[in-house]
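Here are some notes to read alongside the model, written for someone opening it for the first time. Take the points in order, and keep the structure in view as you go.

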Amino acid sequence: MHRPNRRNLHSIQDSATRAVAAHRALIAASRENLSALPMVDRVELARVLAELDRRGCFEPDVLGAADAVIARLQAAIARAGGAPVRRWTEQGDGYLVGGTETGRRIGCIRDALRRFQREAQAVADRLEAEAWLARRRAAAAGDGVAGDGAAGDSA
């Protein structure tokens, strides 16, 4: 008997819940650290956040616009002197090295935006896949063929 790979079986609702939680974390990180951003980057971030509020978390073009903001945030981190990097002692204790406080704060926003985008894009991909499957099933039902049409050719 074939057993499905259980660790990859997440419902779209579970994925959407994670994306919504990541969106909430992004809003919180943005509020807490917005003052660290240069004004031009604040405007771009605010524009993407407003589009997410207006159009929803799973619109592919809005999620694509987040890529440009992530790139802007990465450049802002570099201009601010970098973000601290986590290192670990031999005992497993973490500590930060290098960077600046401003870079760290901008990095918090960037990281939250990346997490949100990753989670939301997974949902958008599943929604798109479901739409393609529904169209394929409708086309197959309309043709009176359950498969891809090749089965009738082999008879």
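**Notes on the predicted model**

1. You will find serine 35 in the loop between H1 and helix H2 (39–55). Setting aside neighbours within four places in sequence, serine 35 is in contact with Arg42 and Arg105.

2. Please be careful with residues 146–155, where pLDDT stays under 50. For that stretch the model has 4 contacts beyond four places in sequence. Where pLDDT is low, the predicted coordinates should not be read in detail.

3. Now the overall plan. The protein has 4 helices and 2 strands, and along the sequence they follow the pattern α-α-α-β-β-α. Of the 155 residues in the protein, 27% are buried. Looking at contacts between residues at least 6 apart in sequence, 62% join residues at least 24 apart.

4. Which residues of H1 are buried? They are Ile12, Ser15, Ala16, Ala19, Ala22, His23, Leu26, Ile27, Ala29, Ser30 and Asn33. Viewed down the axis of H1, these buried residues fall within an arc of 165°, so they line one face of the helix. On the other side of H1, the exposed residues are Gln13, Thr17, Arg24, Arg31 and Glu32.

5. Histidine 23, in helix H1, is buried, with a relative accessible area of 12%. Not counting residues up to four places away in sequence, histidine 23 touches Leu52, Asp53, Cys57 and Phe116. Serine 30 also lies in helix H1 (residues 12–33), and this serine is buried, with a relative accessible area of 5%. Leaving aside neighbours within four places in sequence, serine 30 is in contact with Leu45, Leu49 and Ile109.

6. Helix H3 can be read in a similar way. Its 20 residues (residues 60–79) should span 28 Å at 1.5 Å a residue, and the end C-alpha atoms are 30 Å apart, which agrees. The buried residues of H3 are Val62, Leu63, Ala66, Val69, Ile70, Leu73, Ala76 and Ile77. They cover an arc of only 125° around the axis, which puts them on the same side of H3. The face of H3 turned away from its buried side carries the exposed residues Ala78 and Arg79. Following H3 is glycine 81, whose phi is positive, near 100°.

7. Within H3, have a look at leucine 63. At 1% relative accessibility, leucine 63 counts as buried. What does leucine 63 touch, not counting residues up to four places away in sequence? Its contacts are Cys57, Phe58, Phe116, Gln117, Ala120, Gln121 and Ala124. The C-alpha atoms of leucine 63 and valine 48 are 8.5 Å apart in space, while the residues are 15 apart in sequence.

8. Next, move to helix H4 (residues 101–143), where alanine 122 is found. Is alanine 122 buried, partly exposed or exposed? Its relative accessibility is 33%, so alanine 122 counts as partly exposed. Alanine 122 and serine 15 are 107 residues apart in sequence, yet 7.2 Å apart in space, C-alpha to C-alpha.

9. One last point concerns the rings. The charged end of arginine 135 sits over the ring of tryptophan 132, at 4.5 Å from its centre. With ring centres required to lie within 6.5 Å for a pair, the count comes to 0 aromatic pairs.

How values were computed: Residues numbered from 1 in each chain as written. Predicted model: local features only at pLDDT ≥ 70, side-chain atom pairs only at ≥ 80, totals over all residues. Heavy atoms only, no water. Phe/Tyr/Trp six-rings, centres within 6.5 Å; stacked < 30°, edge-to-face > 60°. Lys NZ or Arg CZ within 6 Å of the ring centre and 35° of its normal. Expected span 1.5 Å × (residues − 1). Buried < 20%, exposed > 50% of the residue type's maximum accessible area, 1.4 Å probe, protein only. Arc of directions from axis to C-beta. Contact = heavy atoms within 4.5 Å. pLDDT = per-residue confidence, 0-100.
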